Amino acid sequence: MNKQSPIYSFKFTITWIIIYVGIVFLLSKLLNLFIAMYIGLWILNLVIEISERILNRFNKTINTVER
């Protein structure tokens, strides 16, 4: 093994560990955002479906663009 190689340098290793932790942190935040958006849209769709069923029970309609 070549001891002069930067791969065996402590500063080099710490730098890459910090970069790796940063990438993992950013990806986890991005993943949390997408999961939150997906669950939020799913809950919104559920609320719309429930409100449509309740209004249909009383013969009311929701004015939408889909006419």
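The expected span of a helix is taken as 1.5 Å times one less than its number of residues. In this predicted model, helix α1 comprises 48 residues, and the distance from its first C-alpha to its last is 70 Å, close to the 70 Å expected at 1.5 Å a residue. The protein contains 1 helix and 0 strands. Helix α1 covers residues 10-57 and is followed by N59, which has a positive phi, near 55 degrees.

Of the 67 residues in the protein, 1% are buried. The accessible surface of the protein amounts to about 6,800 Å², and carbon and sulfur atoms account for 70% of this area.

A nonpolar patch on the surface is formed by L31, I35, Y38, I39, W42, I43, L46, V47, I50, I54 and F58, which together have about 1,100 Å² of accessible area. One of these patch residues is L46, located in helix α1. L46 is classed as partly exposed because its relative accessibility is 40%, a value in between the limits of 20% for buried and 50% for exposed residues.

Terms used
Residues are numbered from 1 along each chain as its sequence is written. This is a predicted model: local features need pLDDT of at least 70, side-chain atom pairs count only at pLDDT 80 or more; totals for chains, interfaces and linings use all residues. Side-chain values use heavy atoms; hydrogens and water are left out. Patches are made of residues with over 30% relative accessible area and no salt bridge: like charges are joined within 9 Å, nonpolar side chains (Val, Leu, Ile, Met, Phe, Trp, Tyr) within 5 Å. Accessible areas come from the Shrake-Rupley method with a 1.4 Å probe; for residues, only the protein chains shown count as cover. A salt bridge is a side-chain nitrogen of Lys or Arg within 4 Å of a carboxyl oxygen of Asp or Glu. Helices (H or I, at least four residues) and strands (E, at least two) are DSSP runs, numbered from the N terminus. Buried means under 20% relative accessible area, exposed over 50%, partly exposed in between (1.4 Å probe, protein chains only).
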